[in-house]
Amino acid sequence: MHVITFTRSTPDTAAKVEVNSSGQVSWGDAATVVNPWDEYSLEEAIVQAKNTSGKASVIAIGPEMHNDALKHSLAMGIDEAIRIWDDGIDVTDSLAWATLAAAAVNKMGDAELVIFGKESIDVGTDQHIYQTARKLGWTMLSYVSKILEINPDTKTIKVEKMLEQGKQVITASLPVVISVMKGINEPRYPSFIGIRKASKAQIPVWSVSDLGISLPASSSKLVAYENPPARDITTEIIDGESVEEKVSKLVDKLLEEKVL
Amino acid sequence: MSAVFVWVETLEGKAISSSWEALGAARDLANSLSVPVVAVVFGQNASAIGAEAGQYGADKSLVCEDTSLEPFRMEPYAALLSKLVKEQKPEIVLAVATSRGRELMAASAADTDSGMASEVTEMSLDGSTLQVTKPTYAGKILGKFALEGPGTRFVTIRGRAFKALDADSSKSAAVETVSPALGADEILVKVESFEAEVGKVNLNDAAIIVSGGRGMANNPTNPPADAEDASVWKAKDGFENVLAPLADVLGAAIGASRAAVDAGYIDYEHQVGQTGKNVNPDLYVAAGISGAIQHQAGMRGSKIIVAINKDGEAPIFKLARYGIVGDLYNVVPALTAELKKRLGK
């Protein structure tokens, strides 16, 4: 089975990310990493492709910085990587993003499973995932914590899915788009040979016209990025002769703050 | 008819109460647009819930109780919502950013080629343009977006970011029944089973969260001889027998740092931070959490933060309003006892 997954480069999770004086999001000299949630979708794509003697592909939409995430994916063991980029693409507009993503899956032609990580930390959303499923006209299975079975003969999939109130077991007909949770697997580290091979890989870039579509009019516009307001707080370290005295003072404070 | 639609989420025939926050937010927008608030309710008991929505700000409700809409599945829900949106052309469609709300709003926005913003924490109308603020870069940056009218815009709001109106039992919404958009045989997804977790306080809805970190492993209680890993046993015992009683007396949800989750001390669903949940309770108690930047991103929106840590230099103290420097295994049981006394529990 051909499994497609999407990824992107995001700032290292430990990086200090801020808006600089020219209004751009900046993370200084910090490296980019694969969007942290995508570690799990990349691993799952490799495993599911292998289990079904198929192929795993990865796609990123965006400028050249996303080649880093694609090369990391190849180094982990994904078979093929494609980047989509063109003038005028606004990657913060989920409708445009999903239109491009669905067109790329259609162009590849033979995929029956698309796997996403739960969300993308840069745009802070998962809406593009569900919109890709709708633009493809495929069934969406979100928050998957376990793939219980894929049956290539009956073209069905059975998964365990998390809800706020508990767990569900769901069956659906292929093709499907799924989003996976942390904990579905243990993502592998790229091997030394993998890293060497990936560093030499040439990653094809598909343009909007390569996909044979026209972009929808932008449906949301980025106005500005801002640093969150500084937490204007003075920390009060609570002292006392004994732990009992300290917690008693703390409870006084919390009652004054009306948060109990 | 122009309107502000609100999807009222239900589970097993009852409204999910955070939906009333979406109705509260919708009331403000509808007032400035001079249009009605319309609650959209699908599934078991939808008519009664649609009438109940009137107490929380809905003028009218569109309901469908067809059996194909119970339990929730995105496909039939999105098909029907998209059909209603195409027919009635609401200005704005709102829902709370729960797992179902996120996917339903996004799907219907795609079906109708509408703009969308998710996990919004602030919004206002500027003429017909909807201005929204939402956390990006795992909460390290705020993004301001404009969704221009005319045309429908979809928004999910972060839980606890907007206030529900107080229930007004003198009010009720006019209920109109609509037909499903998909036939039962057109739905390709089947829910085989559902295992509910009873009595769990949801991190996203919690007014108070009590979280534990790596420091949970410093439990002085000795593990039994057959424990596989002493520190995992100690930390788990600490979550269950030291932190949980504090959460109980406060009616709080239990959170955890990534370090605690990755070390196997507690399940992933409790993780707060960059690859966990973003939360904004009134009170956040961090016990034995040093306060890595990834954790801070997920909880810095909390109103009051209390840090309990042995290390007075831990970064969490810079974010905290109140701190106690000390071993959580001394401080937390004392705090629990004091709260029991003071809150009369």
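Colleague: Where is P175(A) found?

Modeller: P175(A) is in the loop between β11 and β12 (176-180) of chain A. Helices and strands here are DSSP runs, numbered from the N terminus; a helix is H or I with at least four residues, a strand is E with at least two. This is a predicted model, where local features need pLDDT of at least 70 and side-chain atom pairs count only at pLDDT 80 or more, while totals for chains, interfaces and linings use all residues. Residues are numbered from 1 along each chain as its sequence is written, chains are lettered from A in the order in which they are written, and side-chain values use heavy atoms, without hydrogens and water.

Colleague: What makes the peptide bond from L174(A) to P175(A) cis?

Modeller: Its omega is near 0°. Chain B has a cis peptide bond between G149(B) and P150(B), with omega about -5°. P150(B) sits in the loop between β10 (141-147) and β11 (153-157) of chain B.

Colleague: Why is K89(B) called exposed?

Modeller: Exposed means over 50% relative accessible area, buried under 20%, partly exposed in between, with a 1.4 Å probe and protein chains only. K89(B) is at 57%, so the residue counts as exposed. K89(B) lies in the loop between α3 and β6 (92-96) of chain B. Its phi is positive, about 45°, although K89(B) is not a glycine.

Colleague: What is the phi of E12(B)?

Modeller: Near 50°, a positive value in a residue other than glycine. E12(B) is in the loop between β2 (10-11) and β3 (14-15) of chain B.

Colleague: Why does N222(B) count as exposed?

Modeller: N222(B) has 63% relative accessibility, so the residue passes as exposed. It belongs to the loop between β14 (208-212) and α5 (230-250) of chain B. N222(B) and K234(B) are 12 residues apart in sequence, and their C-alpha atoms are 7.3 Å apart in space.

Colleague: How many cavities of 30 Å³ or more does a search of the whole structure find?

Modeller: Three. The grid has 1 Å spacing over the protein atoms alone; a cavity is a set of points where a 1.4 Å probe fits but cannot get out, and a pocket is an open set with protein on both sides within 12 Å along at least five of seven lines. Lining residues have an atom within 4 Å of a point. Points are joined across faces, edges and corners, and a volume is the space filled by probe spheres set on them.

Colleague: What is the volume of the largest cavity?

Modeller: About 160 Å³. It has 16 lining residues, and T92(A), S94(A), V123(A), T125(A) and Q127(A) are the closest to its centre. β7(B) gives the largest share of that lining, three residues. By class, the lining has six nonpolar, seven polar and three charged residues. Nonpolar covers Ala, Val, Leu, Ile, Met, Phe, Trp, Tyr, Cys and Pro; charged covers Asp, Glu, Lys and Arg; the others, Gly among them, are polar.

Colleague: How much space lies in the second largest cavity?

Modeller: About 90 Å³. Both chains line it, with residues including M140(A), K161(A), F72(B) and E103(B). β9(A) supplies the largest share, three residues. The lining has six nonpolar, two polar and four charged residues.

Colleague: Which residues lie nearest the centre of the second largest pocket?

Modeller: E39(A), Y40(A), P187(A), R258(B) and D262(B), out of 26 lining residues. The second largest pocket holds about 780 Å³. Its lining divides into 10 nonpolar, seven polar and nine charged residues.

Colleague: How many residues of chain B are in contact with chain A?

Modeller: 88 residues of chain B are in contact with 79 of chain A; contact means heavy atoms within 4.5 Å. The area buried between them is about 7,400 Å², with 56% from carbon and sulfur atoms. Buried area is the accessible area (1.4 Å probe) that two parts lose on being put together, summed over both. Y137(B), K144(B) and Y322(B) supply 10% of the area that chain B buries against chain A, more than any other three residues.
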